[in-house]
Amino acid sequence: MKTPVFVEILSRSKEVRHRLRVDRLPIRIGRGYDNDIILDDPHIAEHHAVIEDDADNGLTIRDQGSLNGIVLTGLRRTEIALDGNMIFKLGQTNLRVRDADFEIENELAVSRFHNWEGWPPALTGIILLAFLAGLFTWMNSAEKKEATDYLVAIVIMLSIGIIWSGIWAFANRLFGKSTRLGRHIFIFGSGFAALLLWDFVANTIAYAFSFEVITRYGSHISIAIIATMIFFHLQHINPYRTRYLGLICIALSIIGSGITLVLNYNSDNKLADELFMSERLPPSLRVSVDKPVALFISDAAKLKTRVDKERTKEVNGEEEENKDKD
């Protein structure tokens, strides 16, 4: 073990809040002012613990007869051999101890584009949202649109984007020490573009090749896109916990898909988003061979037979219920 020793006070998310340097051992920790490390935690004793050099040239922390002791992985201990990565609790305070010989990880390459901050991504996102709002309005109506219709759609879309991005910018300022509003506007614009592109591609492929499954369950891809957008928002707030944030967004995507399936089943007794392919595109886009009219009529007749049977069952059931009541 090599001095100095560094006692790190961590947040609940295990990030370093304070790093205290001590040049000699032992290190006394507690609330009393005669300690080497003073922790303002009401759950810590006046003289709570002491860090000493052990026989193997390492560090050991020992409890000094406190009420709450030393907690490691949820279990109370009286003595712990420290290894530099171990996080333990005194009272409600997370601590970690490292000496000067602790080997740190290699330097990471800068992943942020620092020149892509402020107004460039914000302006790009605003232009993207305005363009997509106009395109969405044009694509979803066969009637001729007035200029005011496009203007209203653009204003609504920009308002939604600014409110959404503003909420994330506030969270970024609260937890990440900077707003990065421009980046969040760009993320929202890119996410909405991905949603619109998926809707167009899914409907086109489904119509062209008669793949109704795409439109019936396409909402789950949309949910995954939204979860991905949320991931990038969170990643800008805390870029150092990418794997953890990714798992959270995957869980959100699965939960969203599950809720969608339940709502669909409660509404139509089916898991699909729609009972039939509602989107109609130009016939020239059709690739799959159309069914003959005779086959269509035959299928319709079979469907009519099934419907009549179900209707007969319902009528018979109602008659039996009325008899039981009488």
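Helices are DSSP runs of H or I of at least four residues, numbered from the N terminus. The views below all come from a predicted model.

**View 1. Gln235 in helix H5.**
Gln235 is found in helix H5, which covers residues 219-237. Its relative accessibility is 19%, and buried means under 20%, so Gln235 counts as buried. Apart from neighbours within four places in sequence, Gln235 is in contact with Thr242 and Leu245.

**View 2. Helix H2 against helix H5.**
The axes of H2 and H5 come within 9 Å of each other and cross at roughly 30 degrees. Angles under 35 degrees count as roughly parallel, and H2 and H5 are therefore roughly parallel to each other. The crossing in which H2 passes H5 is right-handed. On the H2 side the residues that meet H5 are Trp164, Trp168, Ala171, Asn172, Phe175 and Gly176. On the H5 side they are Met229, Ile230, His233, Leu234, His236 and Ile237. Sorted by class, the residues of this contact are eight nonpolar, four polar and no charged.

**View 3. Helix H2 against helix H3.**
Helix H2 (residues 147-176) packs on helix H3 (residues 181-209) at an angle of about 130 degrees, and the two axes are 8 Å apart. H2 and H3 are therefore oblique to each other. H2 passes H3 in a right-handed crossing. H2 brings Met157, Ile160, Gly161, Trp164, Ser165, Gly166, Trp168, Ala169 and Asn172 to the contact, and H3 brings Leu181, His184, Ile185, Phe188 and Phe192. The contact of H2 with H3 has nine nonpolar and five polar residues, and no charged ones.

**View 4. Arg180 in the loop between H2 and H3.**
Arg180 lies in the loop that links H2 and H3. Its phi is positive, about 55 degrees, although Arg180 is not a glycine. Most residues other than glycine have a negative phi. Arg180 has a relative accessibility of 8% and therefore counts as buried.

**View 5. Asn269 in the loop between H6 and H7.**
Asn269 is placed in the loop between helix H6 (242-268) and helix H7 (293-325). Asn269 is a residue other than glycine with a positive phi, near 60 degrees.

**View 6. The five-stranded sheet.**
This open sheet of five strands runs in the order S4-S3-S5-S6-S9, and its pairing is mixed. Strand S4 (37-38) and strand S9 (79-82) are the edge strands, and each of them pairs on one side only. Strand S6 (residues 59-63) pairs with S9 in the antiparallel sense over four bridges. Arg62 stands opposite Glu79 in S9.

**View 7. Ala49 in strand S5.**
Ala49 lies in strand S5, which covers residues 49-53. Its relative accessible area is 2%, so Ala49 is buried. Which residues does Ala49 touch, not counting residues up to four places away in sequence? They are Ile27, Arg28, Ile29, Ile61, Arg62, Asp63, Gln64, Ile70 and Leu90. Pro283 is 234 residues away from Ala49 along the chain, and the C-alpha atoms of the two are separated by 79 Å.

**View 8. The peptide bond between Leu25 and Pro26.**
Leu25 and Pro26 are joined by a cis peptide bond, with omega about -5 degrees. Most peptide bonds are trans. Pro26 has its place in the loop between S2 and strand S3 (27-30).

**View 9. The six-stranded sheet.**
An open sheet of six strands has the order S2-S1-S11-S10-S7-S8, and the pairing is antiparallel. Strand S2 (16-22) and strand S8 (75-77) stand at the edges with a single partner strand each, so one side of each has no neighbour in the sheet. On average, neighbouring strands of this sheet are turned by 35 degrees against each other, direction ignored. Strand S7 (residues 70-72) and S8 form an antiparallel pair over three bridges. Within this pair, Val71 stands opposite Arg76 in S8.

Terms used:
Residues numbered from 1 in each chain as written. Predicted model: local features only at pLDDT ≥ 70, side-chain atom pairs only at ≥ 80, totals over all residues. Heavy atoms only, no water. Axes fitted to C-alpha atoms, helices over the stretch in contact; angles between N-to-C directions. Helix = DSSP H or I, 4+ residues; strand = E, 2+ residues; numbered from the N terminus. Parallel < 35°, antiparallel > 145°, perpendicular 65-115°, else oblique. Left-handed = near helix turned anticlockwise from the far one by under 90°. Contact = heavy atoms within 4.5 Å. Nonpolar A, V, L, I, M, F, W, Y, C, P; charged D, E, K, R; others polar. Pairing = 2+ DSSP bridges. Buried < 20%, exposed > 50% of the residue type's maximum accessible area, 1.4 Å probe, protein only.
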